[in-house]
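User: I am new to this structure and would like to learn how to read its features. Please take me through them one at a time.
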Amino acid sequence: MFGSHFYHATVRKSVAVFGTLFNNITVIRKDGSGGILNQVKVPLAYGPKQKFLARLNEDLDNQSLALKMPRMAFEITSLDIDLNQKQNKRNKITNASTDTTKRDKIDFQVPYNIGMELTIMAKNQDDGLQILEQIIPFFQPDYTVSIKPIDGWTTFTQDVPIVLNSVTFNDDYESDFITRRVLTYTLGFTMKMTFYSSKGSQGVIKEID
């Protein structure tokens, strides 16, 4: 009914772009005189925070295999159509084709809000605050990145605003002295992506009468 198979990997690209924003954050530990003891790059992985918190509790007996903190995790939490950004159905997107007598085209596009959740997990307050402070100043409340959503269309780009909606804090330490303490900061984001239909082609108008 809708035509031949197509796949622009929109959600996959959204995950890759979102993760790239936070893949180079570091934490610095200092001594009493202010000298730097060490600098640690914070690991980032895709997955729900519950999975990583469960791993932290499972690996208590084997410290060599235990997850190291601080670390970050992120995941998709929602996918909703953005009616405020919806455009005229007659609007088409065109791009230069390898055939000079034709142009590539996409007939349909629809904007969606992709909910993302980033979780910061740390065992002490200073590590968590260092990570948090390296993120929130860039979102006022949004940060825009440019991507190439259609494979093969090298000149066609899309601006994607990433909006920081909320920041919450939680201390999961509610047990005995053996249980590892985990401080978590949860940041809620919205990515304003666009989904595109399959690529087609149309003839180029070279002259009119």
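User: How many helices and strands are there in the protein chain?

Analyst: Helices (H or I, at least four residues) and strands (E, at least two) are DSSP runs, numbered from the N terminus. The protein chain has 3 helices and 11 strands. Read from the N terminus, their order is α-β-β-β-α-β-β-β-β-α-β-β-β-β. The model is a predicted one, in which local features need pLDDT of at least 70 and side-chain atom pairs count only at pLDDT 80 or more, while totals for chains, interfaces and linings use all residues. Residues are numbered from 1 along each chain as its sequence is written, and side-chain values use heavy atoms, with hydrogens and water left out.

User: In which sense do strand β1 and strand β2 pair?

Analyst: Two strands pair if DSSP finds at least two bridges between them. Strand β1 (residues 26-30) and strand β2 (residues 36-41) are antiparallel, with 5 bridges. Within this pair, Ile28 stands opposite Gln39 in β2. The two strands form a hairpin with 5 residues between them, and Gly34 in the turn has a positive phi of about 95°.

User: Which backbone values deserve attention?

Analyst: Most residues other than glycine have a negative phi, and most peptide bonds are trans. Ala9 has a positive phi, near 55°, and is a residue other than glycine. Ala9 lies in the segment before α1 (10-21). A cis peptide bond, with omega about -5°, joins Gln140 and Pro141. Pro141 is placed in the loop between α3 (125-133) and β8 (142-147).

User: Is Ala9 buried or exposed?

Analyst: Buried means under 20% relative accessible area, exposed over 50%, and partly exposed in between (1.4 Å probe, protein chains only). Ala9 counts as buried because its relative accessibility is 13%. Buried residues make up 35% of the 209 residues in the protein chain.

User: Which residues touch the most other members of the largest nonpolar core?

Analyst: A nonpolar core is a set of buried Ala, Val, Leu, Ile, Met, Phe, Trp, Tyr and Cys residues joined through side-chain atoms within 4.5 Å. The largest has 26 residues, of which Phe18, Phe22, Met72, Leu118, Ile135, Leu187 and Phe189 touch the most other members. Two or more residues come from each of α1, β4 (71-81), β7, α3, β8, β9 and β10. The most come from β10, which gives 5 residues. A second, separate core of 6 residues includes Ile106, Ile150, Trp153 and Phe156.

User: What is Thr157 in contact with, beyond its neighbours within four places in sequence?

Analyst: Contact means heavy atoms within 4.5 Å. With those neighbours left aside, Thr157 is in contact with Ile147, Lys148 and Pro149. Thr157 is in the loop between β8 and β9, and its relative accessible area of 44% makes it partly exposed.

User: Finally, which residues lie nearest the centre of the largest pocket?

Analyst: Rolling a probe the size of a water molecule over the atoms shows where empty space is left. On a 1 Å grid over the protein atoms alone, a pocket is an open set of points where a 1.4 Å probe fits, with protein on both sides within 12 Å along at least five of seven lines; lining residues have an atom within 4 Å of a point. The largest pocket is lined by 17 residues, with Gln85, Gln87, Pro111, Gln158 and Thr194 nearest its centre. Two or more lining residues come from each of β7 (109-122), β9 (158-171) and β10 (183-196). The most come from β7, with 5 residues.
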